[in-house]
Amino acid sequence: QVQLVESGGGAVQAGGSLRLSCAASGSIFSVNAMGWYRQAPGKQRELVAAITSGGGINYADSVKGRFTISRDNAKNTVYLQMSSLKPEDTAVYYCQADIRLAVLRGERSYWGQGTQVTVSS
């Protein structure tokens with residue numbers, strides 16, 4: 001069984017910073033891409049940032065220059081450093097990972113439970 005456990009959400013004033021962490025655990029053979037998505041009330045879930053096992057990175061235009069994604073492959077952990085936060089960054093942030101459980105099995109997408117980020121003006 002695989003679990004993605006997120007931490008680091010909370011409330012912060014505009015201009016502040018937060019760091020999210022997400023650790024994948026369980027019977028894992030390999031982890032490919034890992035990423036962060038967010039969903040604000042009444043809106044669809046959207047990609048914030050993603051990083052491959054080789055270090056390729058993709059950001060949403062709305063967070064470029066403010067957020068930094070990184071990962072520790074040895075710990076199967078992905079991080080999201082969020083700076084210069086804005087009220088429009090308020091959302092539930094979800095961790096996602098493409099995980100292979102065994103060498104002859106395909107990848108499957110797993111999701112964390114979500115962590116709330118609230119930015120006040």
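Modeller: The open sheet has 4 strands in the order S1-S3-S8-S7, with antiparallel pairing; strands are DSSP runs of E of at least two residues, numbered from the N terminus, and two of them pair if DSSP finds at least two bridges between them. S1 (3-7) and S7 are the edge strands, each with a single partner, so one side of each has no neighbour in the sheet. From one strand to the next the twist averages 15°, with axes fitted as lines to C-alpha atoms and angles running from 0 to 180 degrees between N-to-C directions.

This is a predicted model, in which local features need pLDDT of at least 70 and side-chain atom pairs count only at pLDDT 80 or more, while totals for chains, interfaces and linings use all residues. Residues are numbered from 1 along each chain as its sequence is written, and side-chain values use heavy atoms, leaving out hydrogens and water.

S1 and S3 are joined by 5 antiparallel bridges, with Val5 partnered by Ala23 in S3. Between S3 and S8 there are 6 bridges, also antiparallel. Arg19 has Gln81 as its bridge partner in S8, and Leu20 has Leu80.

Leu80 is also among the residues with the most contacts inside the largest nonpolar core, of 31 residues, together with Trp36, Met82 and Tyr93. Such a core is a set of buried Ala, Val, Leu, Ile, Met, Phe, Trp, Tyr and Cys residues joined through side-chain atoms within 4.5 Å, where buried means under 20% relative accessible area with a 1.4 Å probe, protein chains only. Strands S3 (18-25), S7 (67-72) and S8 (77-82) are among those supplying at least two residues each.

Key
Buried means under 20% relative accessible area, exposed over 50%, partly exposed in between (1.4 Å probe, protein chains only).
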